[in-house]
Amino acid sequence: MSDISVDAFGQAMGDFSNPEKHGFDLGAYVGDLAFEEDSGSEDISLEGLQQELEECESDEVVANILSSGAKLREYAKGVENNLRKVELDSIQDYIKESDNLVSLHDQIRDCDGILSQMETLLSGFQVAESKLARFVEDIIVPPKMIDVIVDGEVNEEYMRTLEILSKKLKFVEADPAVKSSKALKDVEPELDKLRQKAISKVYDFIVQKLIALRKPKTNIQILQQSVLLKYKYIISFLKEHGKEVFMDVRAAYIDTMNKVLSAHFRAYIQALEKLQLDIATAYDLIGVETRTTGLFSRAREPLKNRSAVFALGERIKIIKDIDQPALIPHIAEASSLKYPYEVLFRSLHKLLMDTATSEYIFCDDFFGEESIFYEIFAGPFSVIDEHFNPVLSNCFDAIGLMLMIRIIHHHQLIMSRRRIPCLDSYLDKVNISLWPRFKMVFDSHLSSLRDANVKTLWEDDVHPHYVMRRYAEFTASFIHLNVEYGDGQLDINLERLRMAVDALILKLSKLFPRPKQQIVFLINNYDMTIAVLKEAGPEGGKIQMHFEELLKSNTSLFVEELLVEHFSDLIKFVKSRASEDSSLNPERSITVAEVEPLVKDFGSRWKTAIELMHKDIITSFSNFLCGMEILRAALTQLLLYYTRLTDCIKKIPGGSGLNKDLVSIQSIMFEIRKYSKTF
């Protein structure tokens, strides 16, 4: 019961104990307990009453009531009066004892206060006991822990014991109250001895594991993951409680991995160098004449060995195989396989990426710091640079250099997807070194075209020139390699190259004695260039469009030259006389005598002339389809000229007399369709 309830109860008891003062009237509280007959009550059903009376005949009270003949309601009234008397007597007894109840209430309240004080005191004792228990637990050095630290093997139990020791050392250092306690003076020397012993033991253990990394043919990643990482808490313990020893372990690991990885990469590079296939020398340029050999040039080799100098070909597969595992040199060497340098470059950097990723993750997990990686890989980076820098300075393979640039780009994306930033600066450095070398080699090709000796390059052959084929393959290669990258600087360089080859091919064409040969030479070269650009894909862009325009304009020139060769009088008349208006100058009117020789000449040899044109085109043009297209254009133009001639004859007085000698348009159309079927 609360204090408020007890006080209220006590007050009430005090009031009851002094009836004179308050004029206490029991009747006022109890009221009149007399029963009155309820005249308004409803009739009560007596059904079944006889059966109940028969069942209660054996009851003495019921029997007396029935025998005395008393009414049931009178008997109930008597019972109620008795109950009222008993209740009033009970209340009087309670009032008489009210003083004792008040006293009892005061005693209970005093007891509650005493119990509350005792509870507070006991609670303080419990807190103190809990703190004391924790203090004892944290500062005491169990004998088992001493045995494990001093004599136990370094295993999982040893790791757990080290964690306990670390907690005790931290407890001693963290709490100023502990430092001032007398208990610490007894325990502190023992804790320090255990710390020194633990540091010494785990140092020896880790050093032995590091020595195992230097053994030949050791799988470093497996040793790191399955052995060293199991004991990474040792490093945390040393870092917290043995900083100097931790730095020694750190330095030992850096030195070990630096030497091991440097040796591995040096051996791998030496093995790769045996697989290298030389593609180009300083003299393998677009505009260099290939027939001559001298002190500083080499004889022309078979195309199968040197086709990759200017054509991309199958070398593009290296981009598609960018995620393939690194080459295994001894397997490739056993198969007598040789590879362009970009294949070896991709393989070397694939190995570097995988090794660096594994080492970076391990260093972060084992040592808890990333900076250690860069100290370890200073050696491998140096080994790779020692190999790559001389190779780069002697590389004259422009396509190979661009492939390496694209490989580096894809490797950067791979490392980005892995979310491993450790090679960012290295890959940027390699990329920066590749671009100037590529620009230098590309400019060498450009200079070879600008400075080419036209007389030594010229051959008395109207078929595509090898310089133009080199250019077409070279340009198609870079267009293909730039599809997904949109390198504007490369586009500018290709445009410069296109302008240079345009100028060179025009100079070469001028060396042919006849205009027709010059045009045929240009058409053959332009057609071949367009075909090569189309083979590289639909991405020829404005360079391809440029050559298509040149092909179109030169085709028109050739058609005119060809027709003039066989129908010069007809064409001269149509161009000069057929368009004149005779009404303006009657004296210069066209007469039958003027056109009759033209009509008879055409009718006598037009089929023969077309056949000669066909043979001429077949022998002149390398591309059969291109030749047939030119023949069709020539025949179509011839039909237009002849149609204008017939229209002119219709306007001449007496011209109808020449109808018998005119060749019908349908006959010419039939002949055109006959040659069109050869497509």
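Author: Start with contacts along the chain, where contact means heavy atoms within 4.5 Å. Among contacts with a separation of 6 or more, residues 24 or more positions apart account for 80%. This is a predicted model, in which local features need pLDDT of at least 70 and side-chain atom pairs count only at pLDDT 80 or more, while totals for chains, interfaces and linings use all residues. Residues are numbered from 1 along each chain as its sequence is written, and side-chain values use heavy atoms, with hydrogens and water left out.

Reader: How many helices and strands does the chain have?
Author: Helices (H or I, at least four residues) and strands (E, at least two) are DSSP runs, numbered from the N terminus. The count is 30 helices and 0 strands.

Reader: What percentage of the residues in the chain is buried?
Author: Buried means under 20% relative accessible area, exposed over 50%, and partly exposed in between (1.4 Å probe, protein chains only). The chain has 679 residues, and the buried share is 40%.

Reader: Which residues touch the most other members of the largest nonpolar core?
Author: A nonpolar core is a set of buried Ala, Val, Leu, Ile, Met, Phe, Trp, Tyr and Cys residues joined through side-chain atoms within 4.5 Å. The largest one holds 178 residues. Its largest share, 13 residues, comes from H29. The residues that touch the most other members are Ile234, Tyr253, Leu423, Leu434 and Phe478.

Reader: How many residues of H18 are buried?
Author: H18 covers residues 341-366 and reaches 37 Å from its first C-alpha to its last. H18 is largely enclosed by the rest of the structure, because the buried residues number 21 of the 26.

Reader: Which residue takes a positive phi just after H18?
Author: The phi is about 70 degrees. The residue is Gly368.

Reader: Are H28 and H29 roughly parallel or roughly antiparallel?
Author: Axes are lines fitted to C-alpha atoms, for helices over the stretch in contact, and angles run from 0 to 180 degrees between N-to-C directions. H28 (residues 592-620) and H29 (residues 624-651) have axes 10 Å apart, at an angle of about 175 degrees. Angles over 145 degrees count as roughly antiparallel, those under 35 as roughly parallel. So the pair is roughly antiparallel.

Reader: How many residues of the contact of H28 with H29 are charged?
Author: Ala, Val, Leu, Ile, Met, Phe, Trp, Tyr, Cys and Pro count as nonpolar, Asp, Glu, Lys and Arg as charged, and the others, Gly among them, as polar. This contact has 17 nonpolar and 2 polar residues. The charged ones number none.

Reader: Is Thr608 buried or partly exposed?
Author: Thr608 is found in H28. Its relative accessibility is 48%, so Thr608 counts as partly exposed.

Reader: What is the relative accessible area of Leu457?
Author: Leu457 lies in H23 (residues 454-457). Among the residues it touches are Gly287, Tyr466 and Leu508. Leu457 is buried, with a relative accessible area of 0%.

Technical notes
Angles under 35 degrees count as roughly parallel, over 145 as roughly antiparallel, 65 to 115 as roughly perpendicular and the rest as oblique. The expected span of a helix is 1.5 Å times one less than its number of residues. Lists of a residue's contacts leave out its neighbours within four places in sequence.
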